[in-house]
Amino acid sequence: MILEVAILHIKKGWSKDFEISFNVAQKIIASKNGYVSHQLKKCIEQEDKYILLVNWNTIEDHEVGFRKSPEYQDWKALLHHYYEPFPIVEHYK
C-alpha cells in the first residue's frame, strides 16, 4: 500500500468553502480503482492549513488511474483554486 501525503495551504479565509467543496470532491477520489481510504485533517496551529492522507494500492493507481482520469478534471475544478501555494504531493510506503 502507498500513502499519498499533501500539505494543503488554503487561501486566507476560504477554509469553510474548501471544506464544502472537499466534501463533494472526496466522493470522486473514493470511486477510483486502487483507492483504499483517506483522511483530511485541519491544522490546529494554522487556521487555513490541512493535511490530506490518501491510501492507494499502488502509486500507479494515484498517478495514472486517478490523475489521468476524466474525473480528475472535476476534482481539479472543485479544489485547485483554493491552494496557495500549490501543494507538493509525496508518496510513502
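## Helix α2

In helix α2, spanning residues 59–66, the buried residues are Asp61, His62 and Phe66. Viewed down the axis of α2, these buried residues fall within an arc of 100°, so they line one face of the helix. Buried here means under 20% relative accessible area, exposed means over 50%, and partly exposed is in between (1.4 Å probe, protein chains only). The arc is taken from the directions that run from the helix axis to the C-beta atoms. Helices (H or I, at least four residues) and strands (E, at least two) are DSSP runs, numbered from the N terminus.

This is a predicted model, in which local features need pLDDT of at least 70 and side-chain atom pairs count only at pLDDT 80 or more, while totals for chains, interfaces and linings use all residues. Residues are numbered from 1 along each chain as its sequence is written, and side-chain values use heavy atoms, with hydrogens and water left out.

The cover over the buried residues of α2 includes β1 (2–9), α1 (15–30), β3 (49–56), α3 (70–79) and β4 (89–92). Histidine 62, which lies in α2, has a relative accessible area of 1% and is therefore buried. Apart from neighbours within four places in sequence, histidine 62 is in contact (heavy atoms within 4.5 Å) with Glu4, Trp56, Arg67, Val89 and His91. Histidine 62 and leucine 3 are 59 residues apart in sequence, and their C-alpha atoms are 9.8 Å apart in space.

## Strand pairing

Two strands pair if DSSP finds at least two bridges between them. β1 and β3 pair in the antiparallel sense over eight bridges, and valine 5 stands opposite leucine 53 in β3. β1 also pairs with β4, again in the antiparallel sense, over four bridges. Tyrosine 92 in β4 is the bridge partner of leucine 3.

Strand β2 (residues 35–42) pairs with β3 in the antiparallel sense over seven bridges. β2 and β3 form a hairpin, with six residues between them. Lysine 42 stands opposite tyrosine 50 in β3. In a regular strand the side chains alternate between the two faces of the sheet.

## Helix α1

Serine 15 is placed in helix α1 and counts as buried because its relative accessibility is 7%. Setting aside residues up to four places away in sequence, serine 15 touches Ile10, Lys42, Glu47, Asp48 and Tyr50.

Apart from neighbours within four places in sequence, isoleucine 29 is in contact with Tyr35, His38, Val54, Trp56, Phe66 and Trp75. Isoleucine 29 and phenylalanine 66 are 37 residues apart along the chain, and their C-alpha atoms are separated by 7.4 Å.

The buried residues of α3 are Tyr72, Trp75 and Leu79. They cover an arc of only 55° around the axis, which puts them on the same side of α3. Pro70 and Ala77, on the other side of α3, are exposed. The buried residues of α3 pack against α1, β3 and α2.

Proline 85 is found in the loop between α3 and β4. The peptide bond from glutamate 84 to proline 85 is cis, with omega near 0°.

## The largest pocket

The largest pocket has a volume of about 160 Å³. Pockets are found on a 1 Å grid over the protein atoms alone: a pocket is an open set of points where a 1.4 Å probe fits, with protein on both sides within 12 Å along at least five of seven lines, and lining residues have an atom within 4 Å of a point. Grid points are joined across faces, edges and corners, and the volume is the space filled by probe spheres set on the points.

The lining of the largest pocket has 14 residues, of which Glu4, Arg67, Trp75, His80 and Val89 lie nearest its centre. β1, α2 and α3 each supply at least two residues of this lining, and β1 gives the most, with three. By class, the lining residues divide into ten nonpolar, two polar and two charged. Nonpolar covers Ala, Val, Leu, Ile, Met, Phe, Trp, Tyr, Cys and Pro, charged covers Asp, Glu, Lys and Arg, and the others, Gly among them, count as polar.
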